[in-house]
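Hi everyone, thanks for coming along.

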Amino acid sequence: MNQTAKDLPRIVIIGGGFAGINVAKAFKKSAVEIDLIDKRNYHLFQPLLYQVATGELDPANIAAPIRKILWKQKNVHVALGKVTAIDFEKKIVQFDGGEMDYDYLVIATGAQQSYFGHDEFRVHAPGLKSIDDALEIRRRLFLAFEEAEWEADEEARRKKLTFVIVGGGPTGVELAGAVKEVATETLPNEFRNIQSNSARVILVDGGQRLVGPMPEDLGKKAQEVLEKMGVEIHLQVHVNDVTAEGVVIGEETIPAENVFWAAGVQGQDLAKDLNVEIDRGSRIVVEPDMSLPGHPEVFVVGDAAHATDAKTGNPVPGVAQGAIQTGRFVAEIIKQEIEGRAPKERPAFSYYDKGSMAMIGRGNAIAAIGKVHYSGILGWISWNILHVMFLVGFRNRFKVMLDWLWNYIWKTRRSRLITGDPKVHIKRLYSERHNCEQHEKRRRLLRRHKDQEE
């Protein structure tokens with residue numbers, strides 16, 4: 001690195017999500033040096049993870065390498081590594097690949113799944129916050145039908161075909177609808193020994209209604225559509241235990257081999273090791289300008305921050321728009337200070353709510369844009385357009401639109417590979433003899449029916 005580059009202001013960004021990427025892009029034409037560190041080499045659009053989990057999209061459709069996104073921006077250097085410590089006094093970030101000094105630091109580490117103090121649930125109830133999570137859910141989902149096809153024990157078969165989704169927010173609602181569609185529309189013609197559409201999908205939430213952050217009328221609409229699809233909904237109950245045998249909600253035990261967790265998020269573990277104030281969800285409490293108290297050169301953005309809207313006093317929501325807006329806001333503050341045109345006092349962050357949406361099922365979604373609430377096919381079209389716009393790269397957008405169109409017309413899901421080690425667990429094998437007996441029984445019934453018609 002030449003001497004000129006060494007003298008430039010150095011910005012270190014931790015995290016390559018929406019917040020971190022937007023901070024980096026804001027300095028495209030600025031005389032700064034940027035180091036972006038992430039434990040993954042890709043930027044991920046998390047709202048579409050449930051479609052990876054249910055076989056609608058491939059992982060590569062909703063993710064893009066960070067280096068590819070920023071390759072034209074010569075002042076950005078990308079490092080693959082996990083941050084292990086930050087020395088705020090010496091202005092040094094330590095990670096498992098070395099260490100970096102900074103003039104400005106932006107913490108954009110995002111969020112992880114929260115089990116509300118019951119991390120032991122994780123092994124039996126995978127969350128949906130990463131590609132690995134989505135592939136694990138996909139493996140369990142489609143493996144359940146494969147096992148049920150050859151399971152002769154009726155009780156064991158019912159357990160395999162019972163899917164419990166914990167959490168009635170947008171992710172839980174979308175996942176429940178998609179799993180039910182897999183069972184009723186995608187798989188019925190592909191299995192011989194089971195009726196896949198008999199699978200139970202149960203959605204559990206502790207609130208009084210679904211999609212609590214959205215308007216009440218849309219929450220009721222979501223419940224109405226899901227119940228019409230056949231999803232069983234349990235509200236105002238909490239999960240007390242999750243085991244390999246099933247889930248305990250309230251005082252009821254539901255035998256189920258497949259439990260998927262979509263009930264909450266919390267900040268990354270790094271926040272707990274920084275000796276800073278965090279909230280109950282392990283998010284770092286920040287000043288109105290998104291800076292760390294006592295360290296004006298350190299900012300926390302996106303899902304990692306416990307931030308408050310300066311105008312409404314409400315918490316800034318942990319959605320893509322919140323991450324994008326806080327990232328751009330902080331980048332502008334840093335840019336003004338570097339260029340010597342900063343105001344006497346830093347501005348306070350104010351969130352602009354562009355609306356919220358949730359997919360319910362095939363051709364149906366709910367949407368709230370300001371005071372306008374709508375659902376059905378119009379909501380579905382709006383949802384598709386909005387989510388495609390957030391994807392990185394023309395190829396991903398084009399491929400996803402084609403997949404959605406294909407799946408909508410033919411009611412299929414093409415990305416249904418069972419990855420990992422498909423360990424099949426069958427209590428009593430559905431024998432060939434039993435299969436022949438059932439076939440002969442059906443044949444006799446058909447012959448009898450034909451004779452009656454004649």
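**A walk through the model**

Let's start at Gln325, which sits in helix α9, residues 320-338; helices here are DSSP runs of H or I with at least four residues, strands are E runs of at least two, and both are numbered from the N terminus. Before going further: this is a predicted model, where local features need pLDDT of at least 70, side-chain atom pairs count only at pLDDT 80 or more, and totals for chains, interfaces and linings use all residues. Residues are numbered from 1 along each chain as its sequence is written, and side-chain values use heavy atoms, with hydrogens and water left out.

Is Gln325 buried or exposed? Gln325 is buried, at a relative accessible area of 15%, where buried means under 20%, exposed over 50%, and partly exposed in between, with a 1.4 Å probe and protein chains only. Leaving aside residues up to four places away in sequence, Gln325 touches Phe349, Ser350, Tyr351 and Tyr352, contact being heavy atoms within 4.5 Å.

Compare Gln208, in the loop between β12 (200-205) and α8 (216-229). Gln208 is exposed, with a relative accessible area of 67%.

Now to charges. Side chains of opposite charge can pair when their charged atoms come close. Searching the whole structure gives 21 salt bridges, each a side-chain nitrogen of Lys or Arg within 4 Å of a carboxyl oxygen of Asp or Glu. One of them joins Arg413 and Glu56, at 3.0 Å from N to O. That pair links distant parts of the chain, 357 residues apart: Arg413 is in the loop between α11 (394-410) and α12 (432-453), and Glu56 in the loop between α3 (49-53) and β4 (63-65). Arg413 and Glu56 are both buried, and together with Glu181 they are linked in a salt-bridge network.

About one helical turn separates Lys399 and Asp403, because they are four residues apart in helix α11. Lys399 is partly exposed, at 25% relative accessible area, while Asp403 is buried, at 4%.

Glu337 and Arg346 also meet in a salt bridge, at 2.7 Å from N to O. Glu337 is partly exposed at 27% relative accessible area, and Arg346 is partly exposed at 24%.
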